[in-house]
Amino acid sequence: MSEEGSSFRAPKGTRDILPPESWRLEALYDLARSTFAAAGYAPIETPAFEHTEVFARGVGETSEVVNKQMYTFPDKGGRSLTLRPENTAPVVRAVLEHNLHRGPLPVKLYYAGPQFRQERPQKGRYREFFQIGIEAIGAPGPTIDAEVIELGHRFLRGAGVEPRLKVNSIGHPTDDCRLGYNRALVDYLRANVDDVASGDRGRIETNPLRTFDSKEERTREVMSGAPLITEHLCPDCKAHFERVQELLRAVGVPFDVDPRIVRGLDYYTRTAFELTAGGLGSQDAVGGGGRYDGLAQSLGGEYLPGIGFALGVDRILLAAGDEGPSRRSQVDVYVVAAGEDAAGPAFALACRLRAGGIGAEIDHMARGMKGQMKDADRSGARWAAIIGPDELAAGEVTLKDLKEGLQERVAVDDVEGRTRS
Ligand code: HAM
């Protein structure tokens, strides 16, 4: 930090998103709006914090997110609140609370905003990070599964990321499906417990599926011989998964089936998927999602199937670099005031242009002519509208085309018409 700088820094794991990166962030939000709205998804905002129970019950007590990463605090009334670590449980809570599911189904929503997880910060991993996500609630699929996955894939490509898509089905929790599989997996892990890294042994009883996510070499070796969920799916889940794959193939979305994708949140059923991108190091997941047919019931509601995804905006920005869509400040005209008398009229012209939908900037630093022309270049404006004593007397401006270098005098009243592109 420079000596003149403030002694404050943004808290660990958070960051300021500054121009020009902030323009790229805006462009991503624009792209989200246009992509998802065109498929019938409507925006939703939920609070940045919820009752802790929403996550404890919704996301699940055995998930690391709930166990280790939540920012949980009591408010002054003694209620336990939590900064949202993800937005699927809040969206389902909102749907149930406001009875959106009593209207036409599926309820299709998209969101964009900050999430909070107390993780160890590293490249692409923050404690406050931004997600763009969609949730489709009320349709048992499989067409909606394919729609959601295709939208996520297409959005990322539009954002300048070439994603790799991995899909899996983790079945549903009955004896002839995931529960049966879980038992087979636990039996296998118990039989091989001596080869599992000691830090991973606790998971065998609490959340055996998560053992697939271990970073420990020893555990990974054991997992390479573990039974796979895809071999234990019940006929309905199997047929559902096959249909999702057929639909994706039919629209040309490339994917790999990866039976080791298990996802970190407990609410998933059936379809689970992950999108990764190159150049991100170990945090290469740019998005993930899946079906959560039991979530509404975990939150005390009725059976209400759903599917969605969330994409990590910070990681998209990192992966896309300059390839991503961008939007710069949209200034069309820089109004140059030559001399003090011109300052008021320059301000008036800028206001009039802005009111007419034309981007306009003026100098606020008492720069001379040369300094203002330089600032006009910085602004990205196509035109400089120069007002000096002569122009003032004639009710005109000198309009200079900064791209072509040509200039001419025009009446003040004509500037708007001449500069509208
Ligand atoms: P998730 O896999 O936990 O899923 O997060 C989705 C994405 O958010 C990740 O793939 C990653 O890009 C980004 N992300 C997560 N944690 C961080 C972090 N600490 N720093 C930066 N980026 C991060 C969910 O959150 C589910 N709610 C997705 C979903 C929606 N499933 C169904 N509907």
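**Close-up views of a predicted model**

**View 1. Residues around the ligand.** The ligand is surrounded by 26 residues, and the closest are Glu86, Glu119, Tyr126, Tyr268 and Ala285. A residue counts as near if one of its heavy atoms lies within 4 Å of the molecule. The model is predicted: local features need pLDDT of at least 70 and side-chain atom pairs pLDDT 80 or more, while totals for chains, interfaces and linings use all residues. Residues are numbered from 1 along each chain as its sequence is written, and side-chain values use heavy atoms, with hydrogens and water left out.

View 2. A polar contact is a pair of N or O atoms within 3.5 Å. Thr88 places a polar side-chain atom 2.8 Å from a nitrogen atom of the ligand. In Arg117, a side-chain N or O atom is 2.9 Å from an oxygen atom of the ligand. For Gln131, the distance from a side-chain N or O atom to an oxygen atom of the ligand is 3.1 Å.

**View 3. Helix α1 against helix α11.** Helices are DSSP runs (H or I, at least four residues), numbered from the N terminus. The axes of α1 (residues 21–37) and α11 (residues 313–320) come within 11 Å and cross at roughly 115 degrees. Axes are lines fitted to C-alpha atoms over the stretch in contact, and angles run from 0 to 180 degrees between N-to-C directions. The two helices, α1 and α11, are therefore roughly perpendicular (65 to 115 degrees). Glu21, Arg24, Leu25, Leu28 and Tyr29 of α1 touch Val313, Ile316 and Leu317 of α11; contact means heavy atoms within 4.5 Å. By class, this contact of α1 with α11 has six nonpolar, no polar and two charged residues. Ala, Val, Leu, Ile, Met, Phe, Trp, Tyr, Cys and Pro count as nonpolar, Asp, Glu, Lys and Arg as charged, and the others, Gly among them, as polar.

**View 4. Helix α5 against helix α9.** Helix α5 (residues 143–158) packs on helix α9 (residues 235–250) at about 45 degrees, with the axes 8 Å apart. The pair α5 and α9 is therefore oblique. On the α5 side, the contact is made by Thr143, Asp145, Ala146, Ile149 and Glu150; on the α9 side, by His240, Val244, Leu247 and Leu248. The contact of α5 with α9 divides into five nonpolar, two polar and two charged residues.

**View 5. Helix α1 against helix α5.** The axes of α1 and α5 come within 10 Å and cross at roughly 145 degrees. Leu28, Leu31, Ala32, Thr35 and Phe36 in α1 meet Leu151, Arg154, Phe155 and Gly158 in α5.

How values were computed: Parallel < 35°, antiparallel > 145°, perpendicular 65-115°, else oblique. Polar contact = N/O pair within 3.5 Å; in protein donor to acceptor, adjacent residues only side chain to side chain.
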